[in-house]
Amino acid sequence: MTSSYRMIVRAHGGPEVIEREDFAIPSPAPGEVVIETEAVGLNFIDTYYRKGLYPDALPISLGSESVGRIVAVGEGVADLAVGDRVGTTQNGGAYATHRAIPAAKAMRIPEGVAPEIAAAVMLKGLTSCYLAEDTFPAKAGDVALVHSAAGGVGSLLVPWLLDKGVTVIAHSGSAEKAAQVPGEHSLHCPFAELPEAVRDISGGAMCNVVYDGVGAATWEASLASLRKRGMMVSYGNASGTVPPIALLDLMRGGSLYVTRPTLADHVATPELLAASAKKLFDRIASGVLKPKIGQTFALKDAADAHRALESRSTTGSTILVP
Ligand SMILES: NC(=O)c1ccc[n+]([C@@H]2O[C@H](COP(=O)([O-])OP(=O)(O)OC[C@H]3O[C@@H](n4cnc5c(N)ncnc54)[C@H](OP(=O)(O)O)[C@@H]3O)[C@@H](O)[C@H]2O)c1
């Protein structure tokens, strides 16, 4: 019998709370398929569930992004078959050798896209897609500030925006990271110096949009980098959650807009998911996106992967392999 295990959390805490649990390979319920995992994508969100920042009932089966071959198909699933390679960003349970997922949440992976690459881009690439296309449909000539530009989401969002003709001011936490970021304006200054740098690069115009997944540490610098009626997109909390804000600060900043989006709302139906996946995989096929796997860990060493991600020492995507 094939052995199967998953990485779980019985009590919230640091990376050390992640433990391995053996389990029986699930059978698919009606409408589900079971996949044998080939690669898991690591996401900062996984650390929020581990710590308890995002609530979930304990014990938590960690992970939100994985790719594998279908090994069993549940009743009522017509368009997927055993042997198909699919991926999912369905929340929970991705750090596992086997996983039952709703067929409606399964994305068929195009031929020619390696499972590790697919796992690297699924959640982070679909996030880049909605940030660039929907939350703020950036267009040629717009000026955008992107934080953590060498990171998982950042390394996909920056080329996506550059391809649209956006002037991207890309910030990273170190010179080594900044050297890996495409485009003319890759910076690694202290956060507090960003508004001045943006002023210089934009000739005083400032940004139409700021994409900020860092959260608490960058909030003030991000707001100060916007032009009047600019859009602040706060999509993550890598440095901690943004404290409650005073609406009057938005007026004083120049009638600013703020939004706090999440991927699930942008791929809530199979149609939305398929349309977003097409945009993502089209950009990989055409070479606009060149997904980078910066680090690979064994699935059983997920705690080490969390330590690397939270210490800001990763670049690109990180993969866990069973
Ligand atoms: N809302 C959504 O739909 C959605 C979906 C996916 C991801 N996200 C969010 O997007 C962000 C990026 O996720 P990711 O998985 O791609 O991670 P990542 O960008 O690969 O890693 C996080 C990066 O945040 C930066 N950072 C700045 N201050 C930090 C601090 N105090 N502690 C840790 N990191 C810090 C670091 O980059 P530098 O050193 O370059 O500053 C670090 O590499 C996260 O906030 C995540 O929650 C949101």
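Which residues of α3 are buried? In this predicted model, the buried residues of the helix are Gly 154, Leu 156, Leu 157, Val 158, Pro 159, Trp 160 and Leu 161. Helix α3 spans residues 154-163, and seven of its ten residues are buried, so that the helix is mostly covered under the cut-off of 20% relative accessible area. The cover can be traced to particular elements: the buried residues of α3 pack against helices α2 and α8 (270-285), and also against strands β9 (143-146), β10 (167-171) and β12 (207-212). After the helix comes Gly 165, which has a positive phi, near 85 degrees.

The protein chain is assigned two domains. Domain 1 is made of two segments, 5-122 and 267-321, while domain 2 covers residues 140-260. The centres of domain 1 and domain 2, taken over C-alpha atoms, are separated by 28 Å. To the contact between them, domain 1 gives 17 residues and domain 2 gives 17 residues.

The ligand is surrounded by 29 residues, and the closest are Tyr 130, Gly 173, Lys 177, Gly 213 and Leu 263. Both domains take part in this shell, with at least three residues drawn from each of domain 1 and domain 2. By residue type, the shell divides into twelve nonpolar, twelve polar and five charged residues.

The side chain of Ser 148 places a polar atom 3.3 Å from an oxygen atom of the ligand. The backbone also takes part: a polar backbone atom of Tyr 235 is 2.9 Å from a nitrogen atom of the ligand. At Leu 263, a backbone N or O atom lies 2.8 Å from a ligand oxygen atom. Taken alone, the ligand exposes 900 Å², and 93% of that area is buried by the protein. The largest share, four residues, comes from α2. Helix α2 is also one of the elements against which the buried residues of α3 pack.

Two further residues were examined, each in a strand. Thr 37 is placed in strand β3, which runs over residues 32-41. Thr 37 has a relative accessible area of 8% and is therefore buried, since this value is under 20%. A polar atom of the Thr 37 side chain lies 2.6 Å from the backbone oxygen of Ala 96. Ala 96 is also among the residues that Thr 37 touches; leaving aside residues up to four places away in sequence, these are Ser 66, Val 67, Gly 68, Ala 96, Thr 97, His 98 and Pro 322.

Arg 69 belongs to strand β5 (residues 66-73). The relative accessibility of Arg 69 is 34%, so this residue counts as partly exposed, a class that lies between 20% and 50%. The side chain of Arg 69 reaches the backbone oxygen of Gly 83 at a distance of 3.0 Å. With residues up to four places away in sequence again left out, Arg 69 touches Val 34, Ile 35, Glu 36, Glu 38, Gly 83, Asp 84 and Arg 85. Arg 69 and Leu 248 are 179 residues apart in sequence, and their C-alpha atoms are 52 Å apart in space.

Definitions and conventions
Residues numbered from 1 in each chain as written. Predicted model: local features only at pLDDT ≥ 70, side-chain atom pairs only at ≥ 80, totals over all residues. Heavy atoms only, no water. Near = heavy atom within 4 Å. Polar contact = N/O pair within 3.5 Å; in protein donor to acceptor, adjacent residues only side chain to side chain. Areas by Shrake-Rupley, 256 points an atom, 1.4 Å probe, with all protein chains shown as cover. Helix = DSSP H or I, 4+ residues; strand = E, 2+ residues; numbered from the N terminus. Nonpolar A, V, L, I, M, F, W, Y, C, P; charged D, E, K, R; others polar. Domains from an automatic or database assignment. Buried < 20%, exposed > 50% of the residue type's maximum accessible area, 1.4 Å probe, protein only. Contact = heavy atoms within 4.5 Å.
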